[in-house]
Amino acid sequence: MDTVEKIEAGERLSFEDGLKLYDFDIFTLGKLADSRRRALYKNRTFFNINRHINPTNICADICKFCAFSANRKNPNPYTMSIDEILKIVEQASQRGAKEVHIVSAHNKEAGLDWYLGMFKEIKRNFPHIHIKALTAAEVNFLAKEYSVSYEKMIDMMIESGVDSMPGGGAEIFDEEVREYICKGKVSSDEWLEIHRLWHKRGRKSNATMLFGHVEKREHRVDHMLRLRALQDETGGFNCFIPLVYQKENNYLKVKDFVTGQEYLKTIAVSRLMLDNIPHIKAYWASSTINLALVAQEFGADDLDGTIEREAIQSAAGAKSAGGMPLEEFVALIKDSGFVPVERDSLYNELKVWQ
Ligand code: V47
(Lines give C-alpha, C1' and ligand atoms only; values in the text may rest on other atoms or scores of the structure.)
Protein backbone atom coordinates (compact mmCIF):
# COMPACT_ATOMS: atom_id res chain seq x y z
CA MET A 1 0.00 0.00 0.00
CA ASP A 2 1.32 3.46 -0.74
CA THR A 3 1.03 6.34 1.74
CA VAL A 4 -2.16 7.81 0.26
CA GLU A 5 -3.86 4.42 0.21
CA LYS A 6 -2.90 3.92 3.83
CA ILE A 7 -4.39 7.29 4.77
CA GLU A 8 -7.58 6.55 2.89
CA ALA A 9 -7.84 3.16 4.59
CA GLY A 10 -7.20 4.77 8.01
CA GLU A 11 -3.98 2.76 8.46
CA ARG A 12 -1.18 3.85 10.71
CA LEU A 13 1.71 5.65 9.00
CA SER A 14 5.39 4.76 9.37
CA PHE A 15 8.51 6.92 9.71
CA GLU A 16 9.07 6.57 5.94
CA ASP A 17 5.47 7.64 5.26
CA GLY A 18 6.05 10.75 7.38
CA LEU A 19 9.06 11.72 5.29
CA LYS A 20 7.21 11.00 2.04
CA LEU A 21 4.32 13.22 3.15
CA TYR A 22 6.71 16.17 3.44
CA ASP A 23 7.64 15.63 -0.22
CA PHE A 24 4.01 15.74 -1.38
CA ASP A 25 2.92 18.96 -3.02
CA ILE A 26 1.29 21.17 -0.44
CA PHE A 27 -2.22 20.95 -1.93
CA THR A 28 -2.35 17.15 -1.91
CA LEU A 29 -0.94 17.02 1.62
CA GLY A 30 -3.26 19.80 2.80
CA LYS A 31 -6.32 18.05 1.38
CA LEU A 32 -5.46 14.77 3.10
CA ALA A 33 -4.95 16.47 6.47
CA ASP A 34 -8.03 18.65 6.04
CA SER A 35 -10.26 15.63 5.35
CA ARG A 36 -8.99 14.01 8.56
CA ARG A 37 -9.64 17.22 10.48
CA ARG A 38 -13.12 17.71 9.01
CA ALA A 39 -14.06 14.09 9.70
CA LEU A 40 -13.31 14.75 13.37
CA TYR A 41 -14.43 18.35 13.88
CA LYS A 42 -16.11 19.60 10.68
CA ASN A 43 -15.37 23.33 10.41
CA ARG A 44 -15.23 23.96 14.14
CA THR A 45 -12.10 25.48 15.69
CA PHE A 46 -11.39 25.33 19.41
CA PHE A 47 -9.94 28.15 21.47
CA ASN A 48 -9.93 29.21 25.10
CA ILE A 49 -9.85 32.42 27.05
CA ASN A 50 -6.58 32.17 28.88
CA ARG A 51 -3.76 34.14 30.41
CA HIS A 52 -0.12 33.20 30.00
CA ILE A 53 2.05 34.07 33.00
CA ASN A 54 5.85 33.73 33.12
CA PRO A 55 6.67 34.42 36.77
CA THR A 56 10.47 34.46 36.49
CA ASN A 57 13.06 34.60 33.73
CA ILE A 58 16.09 33.68 35.84
CA CYS A 59 17.29 30.33 34.54
CA ALA A 60 19.91 27.77 35.48
CA ASP A 61 19.83 26.28 31.97
CA ILE A 62 21.36 27.79 28.87
CA CYS A 63 19.27 26.87 25.83
CA LYS A 64 20.73 28.42 22.71
CA PHE A 65 17.30 29.16 21.21
CA CYS A 66 15.94 31.00 24.24
CA ALA A 67 15.66 34.79 24.32
CA PHE A 68 13.39 34.82 27.36
CA SER A 69 15.85 33.83 30.09
CA ALA A 70 17.94 36.58 31.66
CA ASN A 71 21.45 36.58 30.23
CA ARG A 72 23.79 38.85 28.28
CA LYS A 73 21.19 39.38 25.57
CA ASN A 74 18.30 39.95 27.96
CA PRO A 75 19.75 41.72 31.00
CA ASN A 76 16.43 42.27 32.78
CA PRO A 77 16.04 39.54 35.37
CA TYR A 78 12.76 39.40 37.29
CA THR A 79 10.89 37.19 39.72
CA MET A 80 7.28 38.03 40.52
CA SER A 81 5.98 37.86 44.06
CA ILE A 82 3.02 35.60 44.73
CA ASP A 83 0.92 38.73 45.34
CA GLU A 84 1.82 40.06 41.91
CA ILE A 85 0.86 36.76 40.35
CA LEU A 86 -2.46 36.74 42.22
CA LYS A 87 -3.26 40.24 40.94
CA ILE A 88 -2.66 39.10 37.38
CA VAL A 89 -4.92 36.09 37.88
CA GLU A 90 -7.62 38.27 39.44
CA GLN A 91 -7.62 40.67 36.47
CA ALA A 92 -7.58 37.81 33.99
CA SER A 93 -10.47 36.13 35.78
CA GLN A 94 -12.47 39.38 35.67
CA ARG A 95 -11.90 39.48 31.91
CA GLY A 96 -13.32 35.97 31.58
CA ALA A 97 -10.15 33.83 31.57
CA LYS A 98 -10.78 30.24 32.60
CA GLU A 99 -7.20 29.06 32.44
CA VAL A 100 -3.81 30.34 33.53
CA HIS A 101 -0.88 28.91 31.64
CA ILE A 102 2.15 29.32 33.90
CA VAL A 103 5.67 28.64 32.64
CA SER A 104 8.77 29.84 34.46
CA ALA A 105 12.49 29.64 33.96
CA HIS A 106 14.59 27.36 36.20
CA ASN A 107 15.30 29.69 39.10
CA LYS A 108 17.60 28.33 41.83
CA GLU A 109 16.96 31.25 44.17
CA ALA A 110 13.16 31.24 44.17
CA GLY A 111 12.69 28.04 46.19
CA LEU A 112 10.28 25.14 45.89
CA ASP A 113 7.78 26.90 48.16
CA TRP A 114 7.58 29.81 45.72
CA TYR A 115 7.00 27.49 42.76
CA LEU A 116 4.30 25.47 44.51
CA GLY A 117 2.99 28.29 46.72
CA MET A 118 1.75 30.27 43.74
CA PHE A 119 -0.48 27.37 42.66
CA LYS A 120 -1.86 26.86 46.17
CA GLU A 121 -2.74 30.54 46.44
CA ILE A 122 -4.27 30.71 42.97
CA LYS A 123 -6.43 27.66 43.73
CA ARG A 124 -7.43 29.02 47.13
CA ASN A 125 -8.47 32.39 45.72
CA PHE A 126 -9.75 31.36 42.29
CA PRO A 127 -10.93 27.75 42.52
CA HIS A 128 -12.74 28.03 39.17
CA ILE A 129 -9.52 28.78 37.26
CA HIS A 130 -7.77 25.82 35.62
CA ILE A 131 -4.04 25.84 36.37
CA LYS A 132 -1.96 24.56 33.47
CA ALA A 133 1.56 24.82 34.79
CA LEU A 134 5.09 23.44 35.03
CA THR A 135 6.64 22.03 31.90
CA ALA A 136 8.44 18.71 32.20
CA ALA A 137 11.66 20.75 32.01
CA GLU A 138 10.64 22.62 35.17
CA VAL A 139 9.53 19.42 36.90
CA ASN A 140 12.91 17.86 36.10
CA PHE A 141 14.77 20.95 37.33
CA LEU A 142 12.83 21.09 40.61
CA ALA A 143 13.11 17.33 41.22
CA LYS A 144 16.89 17.43 40.80
CA GLU A 145 17.41 20.71 42.66
CA TYR A 146 15.41 19.54 45.69
CA SER A 147 16.35 15.83 45.48
CA VAL A 148 12.84 14.50 45.13
CA SER A 149 11.61 11.82 42.75
CA TYR A 150 9.41 12.70 39.78
CA GLU A 151 6.60 10.82 41.51
CA LYS A 152 6.94 13.00 44.60
CA MET A 153 7.08 16.16 42.49
CA ILE A 154 3.88 15.09 40.77
CA ASP A 155 2.20 14.42 44.13
CA MET A 156 3.17 17.91 45.26
CA MET A 157 1.93 19.50 42.03
CA ILE A 158 -1.44 17.83 42.42
CA GLU A 159 -1.67 18.76 46.12
CA SER A 160 -0.83 22.36 45.22
CA GLY A 161 -3.60 22.64 42.63
CA VAL A 162 -1.94 22.07 39.26
CA ASP A 163 -4.64 20.70 36.95
CA SER A 164 -2.75 19.94 33.76
CA MET A 165 0.74 20.26 32.30
CA PRO A 166 1.71 22.39 29.31
CA GLY A 167 3.73 20.90 26.50
CA GLY A 168 6.89 22.99 26.74
CA GLY A 169 10.45 21.77 27.03
CA ALA A 170 10.07 19.01 24.45
CA GLU A 171 12.03 20.96 21.82
CA ILE A 172 13.33 18.19 19.52
CA PHE A 173 13.78 14.69 20.94
CA ASP A 174 16.64 13.65 18.66
CA GLU A 175 19.56 13.42 21.09
CA GLU A 176 22.18 14.92 18.79
CA VAL A 177 20.13 17.99 17.88
CA ARG A 178 19.03 18.33 21.49
CA GLU A 179 22.61 18.27 22.73
CA TYR A 180 23.42 21.09 20.31
CA ILE A 181 20.45 23.37 21.04
CA CYS A 182 19.85 22.81 24.76
CA LYS A 183 22.63 20.79 26.34
CA GLY A 184 22.03 19.96 29.99
CA LYS A 185 18.27 20.45 29.91
CA VAL A 186 15.77 17.65 30.64
CA SER A 187 16.61 14.73 28.33
CA SER A 188 14.07 13.38 25.85
CA ASP A 189 13.57 10.20 27.87
CA GLU A 190 13.13 12.21 31.06
CA TRP A 191 10.60 14.51 29.36
CA LEU A 192 8.60 11.50 28.19
CA GLU A 193 8.88 9.76 31.57
CA ILE A 194 7.51 12.80 33.43
CA HIS A 195 4.50 12.96 31.10
CA ARG A 196 4.05 9.17 31.42
CA LEU A 197 3.91 9.45 35.22
CA TRP A 198 1.59 12.47 35.04
CA HIS A 199 -0.77 10.59 32.72
CA LYS A 200 -0.67 7.55 35.00
CA ARG A 201 -2.09 9.78 37.72
CA GLY A 202 -5.07 10.33 35.42
CA ARG A 203 -3.97 13.80 34.38
CA LYS A 204 -3.76 15.39 30.93
CA SER A 205 -0.95 17.27 29.25
CA ASN A 206 0.15 18.73 25.92
CA ALA A 207 3.26 18.21 23.81
CA THR A 208 5.22 20.76 21.79
CA MET A 209 7.91 20.53 19.14
CA LEU A 210 10.28 23.41 18.44
CA PHE A 211 11.21 23.40 14.76
CA GLY A 212 12.64 25.57 12.02
CA HIS A 213 16.14 25.86 13.49
CA VAL A 214 18.90 23.28 12.85
CA GLU A 215 16.74 20.16 12.84
CA LYS A 216 15.76 18.27 9.68
CA ARG A 217 12.40 16.87 8.66
CA GLU A 218 13.45 13.40 9.81
CA HIS A 219 13.94 14.73 13.35
CA ARG A 220 10.40 16.13 13.35
CA VAL A 221 8.91 12.83 12.22
CA ASP A 222 10.96 10.99 14.85
CA HIS A 223 9.69 13.46 17.47
CA MET A 224 6.08 12.79 16.46
CA LEU A 225 6.59 9.03 16.57
CA ARG A 226 8.05 9.11 20.09
CA LEU A 227 4.95 11.02 21.22
CA ARG A 228 2.64 8.65 19.37
CA ALA A 229 4.25 5.68 21.13
CA LEU A 230 3.71 7.23 24.57
CA GLN A 231 0.15 8.19 23.66
CA ASP A 232 -0.55 4.54 22.74
CA GLU A 233 0.55 3.65 26.25
CA THR A 234 -1.22 6.37 28.26
CA GLY A 235 -3.73 8.31 26.14
CA GLY A 236 -2.87 11.38 28.23
CA PHE A 237 -1.96 13.95 25.57
CA ASN A 238 -4.72 16.36 24.60
CA CYS A 239 -2.88 18.23 21.96
CA PHE A 240 0.26 18.61 19.87
CA ILE A 241 1.74 22.04 19.19
CA PRO A 242 4.45 22.62 16.59
CA LEU A 243 6.26 25.84 17.64
CA VAL A 244 8.01 27.89 14.97
CA TYR A 245 11.49 28.86 16.08
CA GLN A 246 11.86 32.66 16.51
CA LYS A 247 15.34 33.76 15.67
CA GLU A 248 16.04 37.11 17.40
CA ASN A 249 18.08 37.80 20.57
CA ASN A 250 19.44 34.33 21.14
CA TYR A 251 22.58 32.27 20.61
CA LEU A 252 21.40 29.87 17.94
CA LYS A 253 22.57 31.34 14.69
CA VAL A 254 19.77 30.67 12.23
CA LYS A 255 19.36 33.22 9.44
CA ASP A 256 16.02 32.36 7.88
CA PHE A 257 12.61 31.54 9.21
CA VAL A 258 11.01 28.30 8.24
CA THR A 259 8.73 29.08 5.27
CA GLY A 260 4.96 29.34 5.53
CA GLN A 261 4.68 26.25 3.36
CA GLU A 262 6.96 24.26 5.65
CA TYR A 263 4.86 25.32 8.65
CA LEU A 264 1.63 24.24 6.97
CA LYS A 265 3.23 20.96 5.90
CA THR A 266 4.34 20.33 9.48
CA ILE A 267 0.81 20.92 10.77
CA ALA A 268 -0.55 18.57 8.11
CA VAL A 269 2.05 15.85 8.71
CA SER A 270 1.36 15.97 12.45
CA ARG A 271 -2.39 15.64 11.89
CA LEU A 272 -1.77 12.52 9.78
CA MET A 273 1.04 10.92 11.79
CA LEU A 274 -0.48 11.56 15.23
CA ASP A 275 -3.58 9.45 14.74
CA ASN A 276 -4.03 9.11 18.50
CA ILE A 277 -3.59 12.71 19.69
CA PRO A 278 -6.97 14.40 19.28
CA HIS A 279 -6.01 18.05 18.81
CA ILE A 280 -3.42 19.84 16.68
CA LYS A 281 -2.81 23.39 17.81
CA ALA A 282 -1.67 26.20 15.53
CA TYR A 283 -0.13 28.42 18.19
CA TRP A 284 -0.58 31.83 16.60
CA ALA A 285 2.00 33.48 18.88
CA SER A 286 4.72 31.51 17.12
CA SER A 287 3.27 31.08 13.62
CA THR A 288 1.64 34.53 13.19
CA ILE A 289 -2.14 34.75 13.29
CA ASN A 290 -2.46 34.76 9.49
CA LEU A 291 -0.67 31.47 9.08
CA ALA A 292 -2.53 29.97 12.06
CA LEU A 293 -5.81 30.82 10.33
CA VAL A 294 -4.66 29.10 7.14
CA ALA A 295 -3.47 26.12 9.22
CA GLN A 296 -7.12 25.47 10.02
CA GLU A 297 -7.34 24.10 6.47
CA PHE A 298 -4.21 21.98 6.93
CA GLY A 299 -5.26 19.91 9.91
CA ALA A 300 -5.20 22.31 12.87
CA ASP A 301 -8.40 22.39 14.94
CA ASP A 302 -7.20 24.56 17.84
CA LEU A 303 -5.75 28.10 17.93
CA ASP A 304 -4.83 28.25 21.66
CA GLY A 305 -6.41 31.40 23.03
CA THR A 306 -6.36 35.07 23.72
CA ILE A 307 -3.13 34.74 25.80
CA GLU A 308 -3.21 38.41 27.03
CA ARG A 309 0.56 38.53 27.61
CA GLU A 310 3.24 36.50 25.91
CA ALA A 311 6.91 36.64 26.87
CA ILE A 312 8.75 33.65 25.41
CA GLN A 313 8.11 33.88 21.67
CA SER A 314 7.98 37.68 21.73
CA ALA A 315 11.39 37.92 23.44
CA ALA A 316 12.76 36.16 20.35
CA GLY A 317 11.00 38.41 17.85
CA ALA A 318 7.36 37.26 17.58
CA LYS A 319 4.62 39.94 17.56
CA SER A 320 2.62 38.30 20.32
CA ALA A 321 3.48 40.25 23.47
CA GLY A 322 0.01 41.75 23.89
CA GLY A 323 -2.13 38.70 23.20
CA MET A 324 -5.30 39.13 21.15
CA PRO A 325 -8.62 40.82 22.05
CA LEU A 326 -11.39 38.23 22.27
CA GLU A 327 -13.73 39.91 19.77
CA GLU A 328 -11.00 40.20 17.19
CA PHE A 329 -9.89 36.59 17.71
CA VAL A 330 -13.42 35.26 17.27
CA ALA A 331 -14.05 37.47 14.23
CA LEU A 332 -10.87 36.26 12.54
CA ILE A 333 -11.84 32.62 12.99
CA LYS A 334 -15.33 33.30 11.64
CA ASP A 335 -14.07 35.35 8.68
CA SER A 336 -11.82 32.48 7.68
CA GLY A 337 -14.83 30.19 7.37
CA PHE A 338 -14.63 28.34 10.68
CA VAL A 339 -16.88 28.23 13.73
CA PRO A 340 -15.13 29.40 16.92
CA VAL A 341 -15.87 27.01 19.78
CA GLU A 342 -14.75 28.20 23.18
CA ARG A 343 -13.46 25.24 25.18
CA ASP A 344 -12.15 24.68 28.67
CA SER A 345 -8.64 23.40 29.21
CA LEU A 346 -9.74 19.78 28.85
CA TYR A 347 -11.62 20.41 25.59
CA ASN A 348 -15.12 20.41 27.04
CA GLU A 349 -17.19 22.77 24.89
CA LEU A 350 -18.29 25.93 26.68
CA LYS A 351 -19.79 28.13 24.00
CA VAL A 352 -20.17 28.28 20.25
CA TRP A 353 -19.45 31.87 19.20
CA GLN A 354 -21.99 32.39 16.38
O1 V47 B 1 9.39 24.88 25.45
C2 V47 B 1 11.68 29.05 23.56
C3 V47 B 1 9.66 27.55 23.19
C4 V47 B 1 8.20 26.85 24.74
C5 V47 B 1 11.80 29.96 21.60
O6 V47 B 1 0.91 23.43 26.23
C7 V47 B 1 10.66 29.14 21.65
O8 V47 B 1 -0.76 24.49 25.34
C9 V47 B 1 10.17 29.68 19.48
O10 V47 B 1 5.46 25.34 25.73
N11 V47 B 1 11.27 30.45 19.37
C12 V47 B 1 7.27 27.32 25.80
N13 V47 B 1 9.85 29.00 20.59
C14 V47 B 1 5.87 27.58 25.23
C15 V47 B 1 5.03 26.36 25.33
C16 V47 B 1 3.59 26.40 24.95
C17 V47 B 1 3.09 27.43 24.19
C18 V47 B 1 1.74 27.43 23.87
C19 V47 B 1 0.89 26.46 24.30
C20 V47 B 1 1.40 25.42 25.07
C21 V47 B 1 0.48 24.37 25.57
C22 V47 B 1 2.75 25.39 25.40
O23 V47 B 1 8.62 27.97 23.99
C24 V47 B 1 9.49 26.23 25.14
C25 V47 B 1 10.32 26.39 23.89
O26 V47 B 1 10.19 25.28 23.04
N27 V47 B 1 10.63 28.60 22.85
N28 V47 B 1 12.40 29.90 22.80
C29 V47 B 1 12.11 30.62 20.40
N30 V47 B 1 13.21 31.36 20.25
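Just after helix α6, Ser-147 adopts a positive phi of about 50 degrees; helices here are DSSP runs of H or I with at least four residues, strands are runs of E with at least two, and both are numbered from the N terminus. The model is a predicted one, in which local features need pLDDT of at least 70 and side-chain atom pairs count only at pLDDT 80 or more, while totals for chains, interfaces and linings use all residues. Residues are numbered from 1 along each chain as its sequence is written, and side-chain values use heavy atoms, with hydrogens and water left out.

Helix α6 (residues 136-145) is largely enclosed by the rest of the structure, because eight of its 10 residues are buried. Buried means under 20% relative accessible area, exposed means over 50%, and partly exposed lies in between (1.4 Å probe, protein chains only). Among the buried residues of α6 are Glu-138, Asn-140 and Phe-141. Their cover includes β3 (99-102), α5 (112-125), α7 (150-160) and α9 (188-200).

## Glu-99 in strand β3

Glu-99 belongs to strand β3. This residue counts as buried because its relative accessibility is 2%. Leaving aside neighbours within four places in sequence, Glu-99 is in contact (heavy atoms within 4.5 Å) with residues including Asn-48, Ile-129, Lys-132 and Ser-345.

The side chain of Glu-99 also makes a polar contact with the side chain of Asn-50, at 3.4 Å. A polar contact is a pair of N or O atoms within 3.5 Å; within protein, one must be able to donate a hydrogen and the other to accept it, and residues adjacent in sequence count only if both atoms are side-chain atoms.

## The ligand

Of the 24 residues around the ligand, those that come nearest are Lys-132, Gly-167, Gly-169, Glu-171 and Lys-281; a residue is near if one of its heavy atoms lies within 4 Å of the molecule. β5 (205-211), β6 (237-244) and α14 (312-315) each supply at least two residues of the shell around the ligand.

A polar side-chain atom of Glu-171 is 2.4 Å from an oxygen atom of the ligand. For Lys-281, a polar side-chain atom lies 2.7 Å from a ligand oxygen atom. Taken alone, the ligand exposes 620 Å², of which the protein buries 96%; accessible areas come from the Shrake-Rupley method with a 1.4 Å probe, and for residues only the protein chains shown count as cover.

## Ser-287 in helix α12

Ser-287 is found in helix α12 (residues 284-287). With 4% relative accessibility, Ser-287 counts as buried. Leaving aside neighbours within four places in sequence, Ser-287 is in contact with Val-244, Tyr-263 and Ala-292.
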